[in-house]
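Colleague: I am new to this structure and would like a close look at one part of it. Please walk me through what surrounds it, too.

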Amino acid sequence: MNTNTARRYAKALFDLAKQAKQETPIRERLEQMDRLIQTHAELLDLCRNPLYSLDEKKRILSSLGEQLGSPPLLRRFTDLLIQKNRLRELPEIAKVFGRLVDEAQGLEHVRVRVARVLSKEQEADLKRQLGTIMRRELDLIVETDASLVGGMVVYAGSRVYDGSVKGQLQGLRRELEK
């Protein structure tokens, strides 16, 4: 699966959905369609198996789109994926499209690894402080990793902020080895 290709398709769909003011319904139906395909072996086989004709794929997925109440834009997009033999990339396209919608709505998905379990109050305070720093609303996922010794590592999109004791010790070690 080519992430760059999936990103290009997702971005193109997002731009069209934004123009039509249909980001949320398209996201919901796209994710719903992806879940159905991933959980039903027959649909997954249809998407991956080149023995099915393009017409068969279009007919079945068009019917699925209608049953889900997919907007016409999404049905045309699905037809394009079939035509370009990119149906395999639907899961990644759905994921990237969801991130683009979240980003447009000012929501950032952030994962934080901490050395010790945080209380609900500490977690809420961390979410508030990181939200203030990033100037965004956050969807915060906190994971515990005792190997960090202390501090935390914050993953926000492609950015990584390592404020852990383990990270500082590794940095010191690299400096000393020079």
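Is S70 buried or exposed, and what is its relative accessible area?

Modeller: Keep in mind that this is a predicted model. S70 has a relative accessible area of 3%. Buried means under 20%, so S70 counts as buried.

Now place S70 along the chain. S70 is in the loop that runs between α4 (54-68) and α5 (72-83). Next, its contacts. Set aside the neighbours within four places in sequence, and S70 touches R29, M33, G65 and R75.

Helix α5 holds F77, one partner in an aromatic pair. The structure has two aromatic pairs. In one of them, the rings of Y9 and F77 have centres 6.3 Å apart, and their planes meet at 65°, so this pair is edge-to-face. Y9 belongs to helix α1 (residues 3-19) and F77 to helix α5, so the pair ties together parts 68 residues apart in sequence. Y9 is buried, at 15% relative accessible area. F77 is buried too, at 7%.

The other pair is F14 with F97. This pair is also edge-to-face. The ring centres are 6.0 Å apart, with 70° between the planes. F14 lies in helix α1 and F97 in helix α6 (residues 90-104), so parts 83 residues apart in sequence are tied together. Both F14 and F97 are buried.

So helix α1 takes part in both pairs: Y9 is in α1, and F14 is in α1.

Y155 sits in strand β3 (residues 152-156). How far is Y155 from I60 in space? The C-alpha to C-alpha distance is 39 Å, and the two are 95 residues apart in sequence.

Y155 has its own set of contacts. Leaving aside neighbours within four places in sequence, Y155 contacts H109, V110, R111, R113 and V160. Two of these contacts can be described further. The side chains of Y155 and R113 are joined by a polar contact of 2.4 Å. R111 approaches in another way: its charged end sits over the ring of Y155, 4.1 Å from the ring centre.

To recap, S70 is buried in its setting, at 3%, in the loop between α4 and α5. Y155, in strand β3, has a polar contact with R113 and the charged end of R111 over its ring.

Definitions and conventions. Residues numbered from 1 in each chain as written. Predicted model: local features only at pLDDT ≥ 70, side-chain atom pairs only at ≥ 80, totals over all residues. Heavy atoms only, no water. Helix = DSSP H or I, 4+ residues; strand = E, 2+ residues; numbered from the N terminus. Buried < 20%, exposed > 50% of the residue type's maximum accessible area, 1.4 Å probe, protein only. Contact = heavy atoms within 4.5 Å. Polar contact = N/O pair within 3.5 Å; in protein donor to acceptor, adjacent residues only side chain to side chain. Phe/Tyr/Trp six-rings, centres within 6.5 Å; stacked < 30°, edge-to-face > 60°. Lys NZ or Arg CZ within 6 Å of the ring centre and 35° of its normal.
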